[in-house]
Amino acid sequence: MIAHAKPKKRPPSIIGPARSSDIWMEFDKAFERFRRDFESALWPHERVLGHELPSLAEMETTIPYVDLEDKGDRFILSAETPGFKKDEIDINICGNAVEISGCKETTMDEKEKDYVRKERMSESFYRTMTLPEEVKYEEVSADLKDGALEIIPPKKNLKQRKKSN
């Protein structure tokens, strides 16, 4: 004879089944707490003498927005590089690839009574683009004005344009 046991009734659980959206919200909250704790460990006195250091989110590497125009005999590449000076920007051209990078450092010195504070911050960007055609790298011109970088590489092999009748 086989005896069948009745399933025992379980006490109700205080933890309900997790929904996928709840898991992601909890993950986001945990990550935000971790980021805040990490930043406070790096910069325990971020509000010293009225100056506030940037958060990690503010220190992200930037990628400049670029516009590329084909002007027939040359390209015009425009890039947004606000806050950078000419000597902080490098332009490298090889074949039909254009590489733009920039790096600047900011130093803050304060001296009050016996207290000295020295902080450094660096900001950088990097962007590479492949042009549709090779260019004459030895004839490239560039200009920086009000945070707008303009690079003008002449085309190496001009293609004959067909005239429409």
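**View 1. Lysine 155 and its surroundings in the predicted model.** The charged end of lysine 155 sits over the ring of phenylalanine 75, at 4.9 Å from its centre, in a structure that is a predicted model. Lysine 155 also forms a salt bridge with glutamate 133, in which the closest N and O atoms are 3.3 Å apart. This pair links distant parts of the chain, since glutamate 133 belongs to the loop between E7 and E8 and lysine 155 to the segment after E9, 22 residues apart. Glutamate 133 is buried, with a relative accessible area of 15%, and lysine 155 is buried as well, with a value of 4%.

**View 2. Glutamate 134 and lysine 156.** The side chains of glutamate 134 and lysine 156 meet in a salt bridge, with an N to O distance of 3.8 Å. Glutamate 134 lies in the loop between E7 and E8 and lysine 156 in the segment after E9, so this pair ties together parts that are 22 residues apart in sequence. Glutamate 134 is partly exposed, with a relative accessible area of 42%, and lysine 156 counts as partly exposed at 45%.

**View 3. Aromatic pair of phenylalanine 31 and phenylalanine 34.** The structure holds 2 aromatic pairs. In one of them, the rings of phenylalanine 31 and phenylalanine 34 have their centres 6.3 Å apart and their planes at 40°, so the pair is tilted. Both residues lie in helix H1 (residues 20-42), where they are 3 residues apart, about one turn of the helix. Phenylalanine 31 is partly exposed, with a relative accessible area of 48%. Trp24, Phe27, Phe31, Phe34 and Phe38 form a nonpolar patch on the surface, having together about 610 Å² of accessible area.

**View 4. Aromatic pair of phenylalanine 84 and phenylalanine 125.** The rings of phenylalanine 84 and phenylalanine 125 have their centres 4.8 Å apart and their planes at 85°, so the pair is edge-to-face. Because phenylalanine 84 lies in the loop between strand E4 (75-80) and strand E5 (89-94) and phenylalanine 125 in strand E7 (residues 115-130), the pair ties together parts that are 41 residues apart in sequence. Both phenylalanine 84 and phenylalanine 125 are buried, and lysine 104 lies over the face of phenylalanine 84, at 5.0 Å from the ring centre.

**View 5. The largest nonpolar core.** This core has 16 residues, and Leu77, Ile89, Val98, Ile100, Leu131, Leu149 and Ile151 are those with the most contacts inside it. The elements that give two or more residues to the core are E4, E5, strand E6 (97-112), E7 and strand E9 (148-152), and E4 gives the most, with 3 residues.

Definitions and conventions
Residues are numbered from 1 along each chain as its sequence is written. This is a predicted model: local features need pLDDT of at least 70, side-chain atom pairs count only at pLDDT 80 or more; totals for chains, interfaces and linings use all residues. Side-chain values use heavy atoms; hydrogens and water are left out. Rings of Phe, Tyr and Trp (its six-membered ring) pair if their centres lie within 6.5 Å; planes under 30 degrees apart count as stacked, over 60 as edge-to-face and the rest as tilted. Helices (H or I, at least four residues) and strands (E, at least two) are DSSP runs, numbered from the N terminus. Buried means under 20% relative accessible area, exposed over 50%, partly exposed in between (1.4 Å probe, protein chains only). A charge sits over a ring if NZ of Lys or CZ of Arg is within 6 Å of the ring centre and within 35 degrees of the ring normal. Patches are made of residues with over 30% relative accessible area and no salt bridge: like charges are joined within 9 Å, nonpolar side chains (Val, Leu, Ile, Met, Phe, Trp, Tyr) within 5 Å. Accessible areas come from the Shrake-Rupley method with a 1.4 Å probe; for residues, only the protein chains shown count as cover. A salt bridge is a side-chain nitrogen of Lys or Arg within 4 Å of a carboxyl oxygen of Asp or Glu. A nonpolar core is a set of buried Ala, Val, Leu, Ile, Met, Phe, Trp, Tyr and Cys residues joined through side-chain atoms within 4.5 Å.
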